[in-house]
Amino acid sequence: MDSRANMTSFDQKEINWDKLDKTKLFVVGAGLFTGVTVALYPVSVIKTRIQVASKDNPQKNALAVFRNIVKVDGIPGLYRGFGTVITGAVPARIIFLTSLETTKVAAIKMLEPFKLSEPVQAAVANGLGGMVASISAQAVFVPIDVVSQKLMVQGYSGHANYNGGLDVAQKIIKADGFRGLYRGFGLSVMTYSPSSAVWWASYGSSQRVIWRLLGHNGQYEQTTPSQWQLACVQAAGGIFAGAVASCVTTPLDTIKTRLQVMDNTKERQKARQVVKNLIAEDGWKGLYRGLGPRFFSMSAWGTTMIVSYEYLKRLCAKVED
């Protein structure tokens with residue numbers, strides 16, 4: 001008999017950190033993260049351009065921006081800054097996943113005495129894990145974000161042109177010192193930490209609710225979900241999580257992006273001034289510039305990544321004697 005039949009349903013659906021072969025996880029995961037980044041990177045470029053478009057720029061919807069990029073720069077234009085991103089993405093993801101999984105395990109143990117319902121416990125544990133993981137990864141991710149976003153918008157809406165990521169970094173350091181590479185760090189933490197917390201909390205709790213709606217309450221002994229069922233439930237949870245997280249955090253992401261792509265030679269604006277400018281240009285909806293691409297990116301990235309990641313965890317699970 002398959003040994004998985006002796007596990008409870010939620011143990012089957014989730015594999016804890018201590019049961020994983022970390023070396024295998026990181027090596028295979030690096031390839032996985034690279035593949036997903038290649039597929040979804042153009043959406044980030046489009047979102048960033050929408051967020052930094054000037055008041056008089058007519059290209060403020062995703063399709064118009066896409067057409068303009070392809071017309072002017074061809075397909076390579078959709079991958080501006082990609083080399084910089086992929087260089088930092090792998091170490092950042094390793095830090096993220098290590099922090100996420102270890103925090104989730106610690107949080108679940110901490111919550112056991114409170115006898116919370118499974119969806120609530122999952123939401124809290126996953127949310128804490130996502131928040132801590134995001135904060136930990138920002139030290140690597142923010143400089144990469146600053147450089148790549150300047151490459152994404154170079155020559156667009158009055159932004160300067162550069163000769164690659166190294167040129168961007170050198171000019172930032174010359175103008176503002178190393179702290180220039182961390183421009184928007186506070187807003188990045190304020191954006192990505194809540195975003196990550198909301199995403200993982202929504203994902204963790206929605207999974208439990210979906211399984212219960214499907215009649216799986218964690219009590220059965222012999223029946224286990226099929227790989228297809230696991231993938232579908234995880235995908236549904238990812239879409240729901242992406243919708244919630246994008247709606248909650250897009251205003252902060254828009255402000256952060258504008259601060260990070262600001263020309264180094266101009267007087268630096270504060271977040272408050274950026275908000276005033278956005279409202280003056282488009283009203284309050286200006287804070288939600290790029291919501292469509294951000295929702296698509298968070299849902300598509302999250303769904304693809306979570307299904308692949310959960311499969312990867314099962315692939316990298318240690319075989320028990």
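Predicted model: local features only at pLDDT ≥ 70, side-chain atom pairs only at ≥ 80, totals over all residues.
Local features rest on pLDDT of at least 70 and side-chain atom pairs on pLDDT 80 or more, while totals for chains, interfaces and linings use all residues. Residues are numbered from 1 along each chain as its sequence is written, and side-chain values use heavy atoms, with hydrogens and water left out.

An unreviewed UniProt entry lists residues 25-46 as "transmembrane region"; such annotations may be inferred rather than shown by experiment. In the model that stretch is 100% helix and 0% strand, with its end C-alpha atoms 31 Å apart. Helices here are DSSP runs of H or I, at least four residues long, and strands are E runs of at least two, numbered from the N terminus.

Helix α2 (residues 22-52) comes within 9 Å of helix α5 (residues 118-152), axis to axis, and the two cross at roughly 75° (axes are lines fitted to C-alpha atoms over the stretch in contact, with angles from 0 to 180 degrees between N-to-C directions). That makes α2 roughly perpendicular to α5 (65 to 115 degrees). Where they meet (heavy atoms within 4.5 Å), α2 brings Tyr41, Ser44, Val45, Thr48 and Arg49, and α5 brings Ser148, Gln149 and Met152.

Then there is helix α6 (residues 165-176). Just after α6, Gly177 takes a positive phi of about 75°.

Conventions:
Parallel < 35°, antiparallel > 145°, perpendicular 65-115°, else oblique.
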